[in-house]
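User: I have a model open and would like to go through it with you. Could we begin with the strands and then turn to the side chains?

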Amino acid sequence: MADENSQLQLVTFQLGEELYGVDIMDVKEIVRVQDVRPIPNAPYYVEGIINLRGEIIPIMNLHKRFHIKQAAASSDDMLSDDDGGFIILDIEGNKIGIIIDRVARVVSVERGDIKPPPQMFSGIGTEYIQGVVRQENGYLIILDTRKLFNPKELQKILEPRK
């Protein structure tokens with residue numbers, strides 16, 4: 001039996017044509033698309049805020065952050081509009097939502113199978129990537145949620161608006 005510490009549980013999702021994953025321990029919940037209210041003078045990749053059961057949560061657009069095109073809906077994919085949503089992350093006590101094209105599933109990967117990312121992977125800087133796992137139909141890119149938003153950015157995004 002494999003040692004539990006040798007495995008990493010990931011919530012996987014599609015952004016554009018690539019499959020990404022984040023540590024399940026950083027995920028608070030996954031919610032359907034809601035109305036996002038814009039925030040004046042926010043960084044270009046901040047879509048705005050949502051009210052989730054009385055809690056105000058900033059929503060980040062990783063498509064803009066990483067310069068990724070949204071996944072194209074195929075003609076036989078009637079559910080494509082319903083599959084998108086937000087993954088609500090807990091980053092050091094702060095809840096932040098990220099827009100996803102499609103949630104995939106929860107997977108377990110062996111820590112030994114995680115390889116360091118190539119210097120530039122799908123336009124995303126390696127500083128945001130924890131590692132890459134080869135899969136039968138491509139790669140699973142594991143994002144480092146702690147590095148997606150640096151502390152100064154988080155402070156600016158989360159500070160109360162006047």
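User: In what order do the five strands of the open sheet run?
Analyst: This is a predicted model. In it, five strands make up an open sheet in the order β3-β6-β7-β5-β4, with mixed pairing.

User: Which are the edge strands there?
Analyst: They are β3 (27-32) and β4 (46-52), each of which pairs on one side only.

User: And how are neighbouring strands of this sheet turned against each other?
Analyst: On average the angle between neighbours is 30°, with direction ignored.

User: In what sense do β3 and β6 pair?
Analyst: Strand β6 (residues 85-91) and β3 pair in the antiparallel sense, over five bridges.

User: Stepping back, how many helices and strands does the protein have?
Analyst: There are four helices and 12 strands in the protein.

User: What share of the residues is buried?
Analyst: Of the 162 residues in the protein, 42% are buried. The protein exposes about 9,800 Å², and carbon and sulfur atoms supply 48% of that area.

User: What about contacts between residues 24 or more positions apart?
Analyst: Such residues account for 58% of the protein's contacts that have a separation of 6 or more.

User: Let us change topic. How many aromatic pairs does the structure hold?
Analyst: It holds three aromatic pairs. One of them is formed by Y44 and Y45, whose ring centres are 5.2 Å apart.

User: Why is the pair of Y44 and Y45 called edge-to-face?
Analyst: The planes of the two rings stand at 90°, so the pair of Y44 and Y45 is edge-to-face; the cut-off for that class is over 60 degrees.

User: Is Y45 buried or exposed?
Analyst: Y45 counts as buried because its relative accessibility is 3%, and the limit for buried is under 20%. R65 lies over the face of Y45, at 4.4 Å from the ring centre.

User: What kind of pair do F66 and Y128 form?
Analyst: Their ring centres are 5.3 Å apart and the planes are at 45°, so F66 and Y128 form a tilted pair. This pair links distant parts of the chain, with its two residues 62 residues apart.

User: Where are F66 and Y128 placed?
Analyst: F66 is in helix α1 (residues 62-66), whereas Y128 is in the loop between β10 (124-125) and β11 (129-135). Both F66 and Y128 are buried.

User: One last point: where does the charged end of R134 sit?
Analyst: The charged end of R134 sits over the ring of Y139, 5.1 Å from the centre of that ring.

Notes:
Residues are numbered from 1 along each chain as its sequence is written. This is a predicted model: local features need pLDDT of at least 70, side-chain atom pairs count only at pLDDT 80 or more; totals for chains, interfaces and linings use all residues. Side-chain values use heavy atoms; hydrogens and water are left out. Rings of Phe, Tyr and Trp (its six-membered ring) pair if their centres lie within 6.5 Å; planes under 30 degrees apart count as stacked, over 60 as edge-to-face and the rest as tilted. Buried means under 20% relative accessible area, exposed over 50%, partly exposed in between (1.4 Å probe, protein chains only). A charge sits over a ring if NZ of Lys or CZ of Arg is within 6 Å of the ring centre and within 35 degrees of the ring normal. Two strands pair if DSSP finds at least two bridges between them. Axes are lines fitted to C-alpha atoms, for helices over the stretch in contact, and angles run from 0 to 180 degrees between N-to-C directions. Contact means heavy atoms within 4.5 Å. Accessible areas come from the Shrake-Rupley method with a 1.4 Å probe; for residues, only the protein chains shown count as cover.
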